[in-house]
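Please look over the sequence and the model shown here before reading on. The report that follows starts with the chain as a whole and then turns to some of its parts.

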Amino acid sequence: MFKRTFQSKDRAGKSVKPSKRSFRDHQKLKLQQTLDSPPVGSTLTSPIITLVVGHEPRIFAAHENVLSLSPFFAAALKGQFYESSAKRVALPDEDPQIFSCILEYLYKGDYYPRLLYNKRHASFELEDAQDLQNIGGRGSVESTVDIAGAGGALLKDTVIYCAAERYGLDELKRLALRKQGLQSGITVDVILRSARYAYDNTPDSDSKLRAHYLALIIRSRKTFKRSGTMQLEMEIGGSKLYALHLS
């Protein structure tokens, strides 16, 4: 009579609950699997498109199918912005720093600094936000950017939000708004300048962005009044910003 030796693999182990994943986590996992081992005909074997960005041109390269995740680029690759013979798209009015974030999002589902979940505090935070010496990071976590013609620094996430509006990337808009909500210590002039930029580059029907700035201005009302420049800034910003002040 033969005796069978049962190995641990033959035993029925304790059931393990699968870890919870958000929709974004699921999308990132699928994208990472594609990056690690792209199948034939995947986005990473599609033609490479050259993108000429900015008034002082900076060259980017991206896969055609990745770019086509954006309705704007799906149309641009068939339209007047596209030089088919050279597989080139010209974006002279786009800021290279912001476009770099757009490409990073299209490939990875996020842009630096990434949005991370802190299990210990059960809350979201920005990558490297607490890393004062930035050990192993990619540089300081800068919340503002300088855009030509803006008259000063703007909130980076607001500019990315407006770019996402142009490119038809609704999920990126939600991500940018969530990240901006984690920023603190924003000066009065940056808030108002960014609000003006947001109003000028999004449709009036965009209630989420306007509600976000309304809440931000209300929270900072005391700081605004102490600055002594609030009325002037509101007047420069136009009637829409003044309406925020009165609300």
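## Burial and the chain as a whole

A residue is called buried when its relative accessible area is under 20%, exposed when that value is over 50%, and partly exposed in between. Cys-162 has a relative accessible area of 0%, and therefore it is buried. The structure discussed here is a predicted model, and every value in this report was computed from it.

The protein chain contains 11 helices and 8 strands, and of its 247 residues 38% count as buried. Its accessible surface comes to about 15,500 Å², of which 53% belongs to carbon and sulfur atoms.

## Helix 4

Helix 4 covers residues 96-108, and its 13 residues reach 18 Å from the first C-alpha to the last, which is close to the 18 Å expected at 1.5 Å a residue. At the start of this helix, a side-chain oxygen of Asp-95 comes to within 3.0 Å of the backbone nitrogen of Gln-97. After the helix comes Gly-109, whose phi is positive, near 85°.

How many of the residues of helix 4 are buried? The helix is mostly covered, with 10 of its 13 residues buried, and among them are Pro-96, Ile-98, Glu-104 and Tyr-107. Cys-101, also in this buried set, has a relative accessibility of 7% and therefore counts as buried.

## Helix 5 and Thr-158

Helix 5 runs over residues 156-167, and its 12 residues reach 17 Å from first C-alpha to last, close to the 16 Å expected at 1.5 Å a residue. Because 10 of these 12 residues are buried, the helix is largely enclosed by the rest of the structure. The buried residues include Lys-156 and Asp-157 as well as Val-159, Ile-160 and Ala-163. Gly-168 follows the helix, and its phi is positive, near 70°.

Thr-158 is found in helix 5, and with a relative accessibility of 2% it counts as buried. Which residues is Thr-158 in contact with, if its neighbours within four places in sequence are left aside? They are Gln-180, Ser-194, Tyr-197, Ala-198 and Tyr-213. With Gln-180, the side chain of Thr-158 is joined through a polar contact of 2.6 Å between the two side chains.

## Thr-202, in a loop

Thr-202 lies in the loop between helix 7 (188-200) and helix 8 (207-219).

Although Thr-202 and Glu-165 are 37 residues apart in sequence, their C-alpha atoms are 6.9 Å apart in space.

## Cysteines and disulfides

A disulfide is a covalent bond between the sulfur atoms of two cysteines. A search of the whole structure finds 0 disulfides.

## Aromatic rings

A pair of aromatic rings is described by the distance of the centres and the angle of the planes. In this structure the count comes to 7 aromatic pairs. One of them joins Phe-60 and Phe-99, whose ring centres are 5.3 Å apart and whose planes stand at 75°, so the pair is edge-to-face. Because Phe-60 lies in strand 2 (residues 58-63) and Phe-99 in helix 4, this pair ties together parts that are 39 residues apart in sequence. Both Phe-60 and Phe-99 are buried.

The rings of Phe-72 and Phe-73 have their centres 5.1 Å apart and their planes at 90°, so this pair is edge-to-face. Phe-72 has a relative accessibility of 25% and therefore counts as partly exposed, whereas Phe-73, at 0%, counts as buried. Ring pairs link Phe-60, Phe-72, Phe-73, Phe-99 and Tyr-167 into a cluster; of these residues, Phe-99 is one of the buried residues of helix 4 and Tyr-167 is one of the buried residues of helix 5.

Technical notes:
Residues numbered from 1 in each chain as written. Predicted model: local features only at pLDDT ≥ 70, side-chain atom pairs only at ≥ 80, totals over all residues. Heavy atoms only, no water. Helix = DSSP H or I, 4+ residues; strand = E, 2+ residues; numbered from the N terminus. Buried < 20%, exposed > 50% of the residue type's maximum accessible area, 1.4 Å probe, protein only. Areas by Shrake-Rupley, 256 points an atom, 1.4 Å probe, with all protein chains shown as cover. Expected span 1.5 Å × (residues − 1). Polar contact = N/O pair within 3.5 Å; in protein donor to acceptor, adjacent residues only side chain to side chain. Contact = heavy atoms within 4.5 Å. Disulfide = S-S within 2.5 Å. Phe/Tyr/Trp six-rings, centres within 6.5 Å; stacked < 30°, edge-to-face > 60°.
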